[in-house]
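Please look at the sequence and the 3D structure shown here before reading the report below.

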Amino acid sequence: MIERVRAVLVTADATMLVIRRTRPGIPEYWVLPGGGVEPGDESREAALHREIHEEIAGKADIIRLLHTVEAEDERQLFYLARIATWSFDDRTGPEFSAEGRGEYALEEVPLTVEGLDGIDLKPEEIAHVLRGAVDAGSLGVEASP
(Lines give C-alpha, C1' and ligand atoms only; values in the text may rest on other atoms or scores of the structure.)
Protein backbone atom coordinates (compact mmCIF):
# COMPACT_ATOMS: atom_id res chain seq x y z
CA MET A 1 0.00 0.00 0.00
CA ILE A 2 1.27 3.48 -0.90
CA GLU A 3 1.47 5.85 2.06
CA ARG A 4 1.41 9.61 1.70
CA VAL A 5 1.78 12.24 4.40
CA ARG A 6 0.38 15.76 4.20
CA ALA A 7 0.27 18.68 6.61
CA VAL A 8 -2.21 21.35 7.58
CA LEU A 9 0.54 23.95 8.04
CA VAL A 10 -0.75 26.67 10.33
CA THR A 11 1.06 30.02 10.34
CA ALA A 12 1.35 32.48 13.23
CA ASP A 13 -1.47 34.49 11.60
CA ALA A 14 -3.90 31.51 11.73
CA THR A 15 -3.71 30.93 7.99
CA MET A 16 -2.74 27.65 6.40
CA LEU A 17 -0.37 27.03 3.53
CA VAL A 18 -1.85 25.29 0.51
CA ILE A 19 -0.58 24.56 -2.97
CA ARG A 20 -2.76 25.66 -5.87
CA ARG A 21 -2.42 23.18 -8.73
CA THR A 22 -3.03 24.26 -12.29
CA ARG A 23 -2.91 21.55 -14.93
CA PRO A 24 -3.97 21.65 -18.59
CA GLY A 25 -7.57 20.55 -19.07
CA ILE A 26 -8.36 20.23 -15.34
CA PRO A 27 -10.06 22.87 -13.17
CA GLU A 28 -7.60 24.31 -10.64
CA TYR A 29 -7.56 22.71 -7.21
CA TRP A 30 -5.60 22.96 -3.98
CA VAL A 31 -3.65 20.36 -1.99
CA LEU A 32 -1.84 20.35 1.32
CA PRO A 33 1.96 20.14 1.22
CA GLY A 34 3.34 16.63 1.49
CA GLY A 35 3.98 13.51 -0.52
CA GLY A 36 4.96 9.88 -0.49
CA VAL A 37 6.69 8.03 2.32
CA GLU A 38 9.94 6.66 0.88
CA PRO A 39 11.80 3.50 1.98
CA GLY A 40 14.65 5.58 3.45
CA ASP A 41 12.37 7.62 5.71
CA GLU A 42 12.78 6.69 9.37
CA SER A 43 9.11 7.40 10.12
CA ARG A 44 6.01 8.99 8.66
CA GLU A 45 6.86 12.17 10.55
CA ALA A 46 10.38 12.13 9.08
CA ALA A 47 8.84 11.77 5.61
CA LEU A 48 6.61 14.76 6.31
CA HIS A 49 9.56 16.89 7.46
CA ARG A 50 11.44 15.90 4.27
CA GLU A 51 8.46 16.75 2.06
CA ILE A 52 7.91 20.13 3.74
CA HIS A 53 11.58 20.92 3.23
CA GLU A 54 11.46 19.85 -0.45
CA GLU A 55 8.18 21.57 -1.31
CA ILE A 56 8.44 24.87 0.56
CA ALA A 57 11.94 24.95 2.12
CA GLY A 58 10.21 25.09 5.49
CA LYS A 59 10.47 23.56 8.92
CA ALA A 60 7.39 22.63 10.88
CA ASP A 61 6.52 21.49 14.37
CA ILE A 62 4.16 18.54 14.02
CA ILE A 63 1.39 18.78 16.60
CA ARG A 64 -0.61 15.61 15.97
CA LEU A 65 -2.15 13.25 13.45
CA LEU A 66 -5.40 14.87 12.40
CA HIS A 67 -7.04 12.41 10.00
CA THR A 68 -6.40 9.37 7.80
CA VAL A 69 -7.97 8.77 4.39
CA GLU A 70 -7.78 5.23 3.01
CA ALA A 71 -8.51 3.97 -0.47
CA GLU A 72 -7.90 0.55 -2.00
CA ASP A 73 -4.16 0.97 -2.53
CA GLU A 74 -3.34 4.26 -0.81
CA ARG A 75 -3.35 5.69 2.70
CA GLN A 76 -2.99 9.44 3.28
CA LEU A 77 -2.13 10.66 6.75
CA PHE A 78 -2.93 14.30 7.48
CA TYR A 79 -1.01 16.00 10.28
CA LEU A 80 -1.65 19.28 12.03
CA ALA A 81 1.55 21.33 12.23
CA ARG A 82 2.81 24.84 13.00
CA ILE A 83 5.13 26.52 10.52
CA ALA A 84 7.11 29.70 11.12
CA THR A 85 9.31 30.04 8.03
CA TRP A 86 9.12 28.88 4.45
CA SER A 87 10.38 29.90 1.02
CA PHE A 88 8.57 28.65 -2.06
CA ASP A 89 11.41 30.05 -4.18
CA ASP A 90 13.88 27.65 -2.50
CA ARG A 91 11.86 24.48 -3.00
CA THR A 92 13.76 21.44 -4.23
CA GLY A 93 11.18 18.71 -4.86
CA PRO A 94 11.64 16.70 -8.07
CA GLU A 95 7.98 17.17 -9.02
CA PHE A 96 8.50 20.86 -9.77
CA SER A 97 10.72 20.18 -12.77
CA ALA A 98 8.83 17.15 -14.12
CA GLU A 99 7.42 17.72 -17.60
CA GLY A 100 3.64 17.93 -17.83
CA ARG A 101 3.05 18.29 -14.07
CA GLY A 102 1.46 21.73 -14.43
CA GLU A 103 1.97 24.66 -12.10
CA TYR A 104 2.35 24.77 -8.34
CA ALA A 105 1.63 28.01 -6.47
CA LEU A 106 1.95 28.38 -2.71
CA GLU A 107 -0.87 30.34 -1.10
CA GLU A 108 -1.94 31.34 2.40
CA VAL A 109 -5.62 30.76 3.06
CA PRO A 110 -7.45 31.91 6.20
CA LEU A 111 -8.07 28.91 8.45
CA THR A 112 -11.78 29.67 8.59
CA VAL A 113 -14.86 28.01 7.13
CA GLU A 114 -15.07 30.89 4.62
CA GLY A 115 -11.41 30.43 3.68
CA LEU A 116 -11.92 26.71 3.13
CA ASP A 117 -15.11 27.33 1.15
CA GLY A 118 -13.14 29.63 -1.19
CA ILE A 119 -10.88 26.84 -2.49
CA ASP A 120 -11.37 23.37 -3.97
CA LEU A 121 -9.20 21.48 -1.47
CA LYS A 122 -8.48 17.86 -2.36
CA PRO A 123 -9.26 15.28 -1.23
CA GLU A 124 -12.77 16.41 -0.39
CA GLU A 125 -12.76 14.32 2.79
CA ILE A 126 -9.97 16.39 4.40
CA ALA A 127 -11.74 19.61 3.37
CA HIS A 128 -14.87 18.34 5.15
CA VAL A 129 -12.88 17.32 8.26
CA LEU A 130 -11.16 20.71 8.39
CA ARG A 131 -14.42 22.64 7.99
CA GLY A 132 -15.94 20.69 10.88
CA ALA A 133 -12.89 21.15 13.11
CA VAL A 134 -12.67 24.88 12.38
CA ASP A 135 -16.40 25.32 12.94
CA ALA A 136 -16.19 23.43 16.26
CA GLY A 137 -12.98 25.22 17.32
CA SER A 138 -11.34 21.85 17.89
CA LEU A 139 -8.07 22.33 16.01
CA GLY A 140 -6.50 24.07 19.00
CA VAL A 141 -4.37 26.44 16.93
CA GLU A 142 -4.94 30.12 17.40
CA ALA A 143 -3.08 33.10 16.07
CA SER A 144 0.07 33.95 17.98
CA PRO A 145 -0.02 37.18 20.01
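Predicted model: local features only at pLDDT ≥ 70, side-chain atom pairs only at ≥ 80, totals over all residues.

Residues are numbered from 1 along each chain as its sequence is written, and side-chain values use heavy atoms, with hydrogens and water left out.

**The whole chain**

The protein chain has 3 helices and 7 strands, where helices (H or I, at least four residues) and strands (E, at least two) are DSSP runs numbered from the N terminus. Read from the N terminus, the elements follow the order β-β-β-β-α-β-β-β-α-α. The radius of gyration of the protein chain is 15 Å, close to the 15 Å that the globule rule gives for 145 residues, so the chain is as compact as a globular protein of that length; this radius is taken over C-alpha atoms, and the rule is 2.2 Å times the number of residues to the power 0.38. Along the principal axes, the C-alpha atoms fill a box of roughly 40 × 35 × 35 Å.

Of the 145 residues, 41% count as buried, a word that stands for under 20% relative accessible area, with exposed meaning over 50% and partly exposed in between (1.4 Å probe, protein chains only). Contact means heavy atoms within 4.5 Å, and among the contacts with a separation of 6 or more, 64% come from residues 24 or more positions apart.

**Strand pairing around E6**

Two strands pair if DSSP finds at least two bridges between them. Strand E5 (residues 59-70) and strand E6 (residues 74-85) pair in the antiparallel sense over 10 bridges, and a hairpin of 3 residues joins E5 to E6. Strand E1 (residues 2-10) is joined to E6 by 9 bridges, and these two strands run parallel. The table gives some of the residues that face each other.

| Residue | Partner in E6 |
|---|---|
| Val69 | Gln76 |
| His67 | Phe78 |

**Single residues**

Where does Asp41 lie? Asp41 is placed in the loop between strand E4 (34-36) and helix H1 (44-56), and it counts as buried because its relative accessibility is 16%. A polar atom of the Asp41 side chain lies 2.7 Å from the backbone nitrogen of Glu38. When neighbours within four places in sequence are left aside, Asp41 is in contact with Gly36, Ala47 and Arg50.

Ala133, in turn, belongs to helix H3 (residues 124-136), and with a relative accessibility of 9% it also counts as buried. Not counting residues up to four places away in sequence, Ala133 touches Ser138 and Leu139. Ala133 and Thr112 are 21 residues apart in sequence, and their C-alpha atoms are 9.7 Å apart in space.

Finally, Arg21 lies over the face of Tyr104, at 3.9 Å from the ring centre; a charge sits over a ring if NZ of Lys or CZ of Arg is within 6 Å of the ring centre and within 35 degrees of the ring normal.

Technical notes: Polar contact = N/O pair within 3.5 Å; in protein donor to acceptor, adjacent residues only side chain to side chain.
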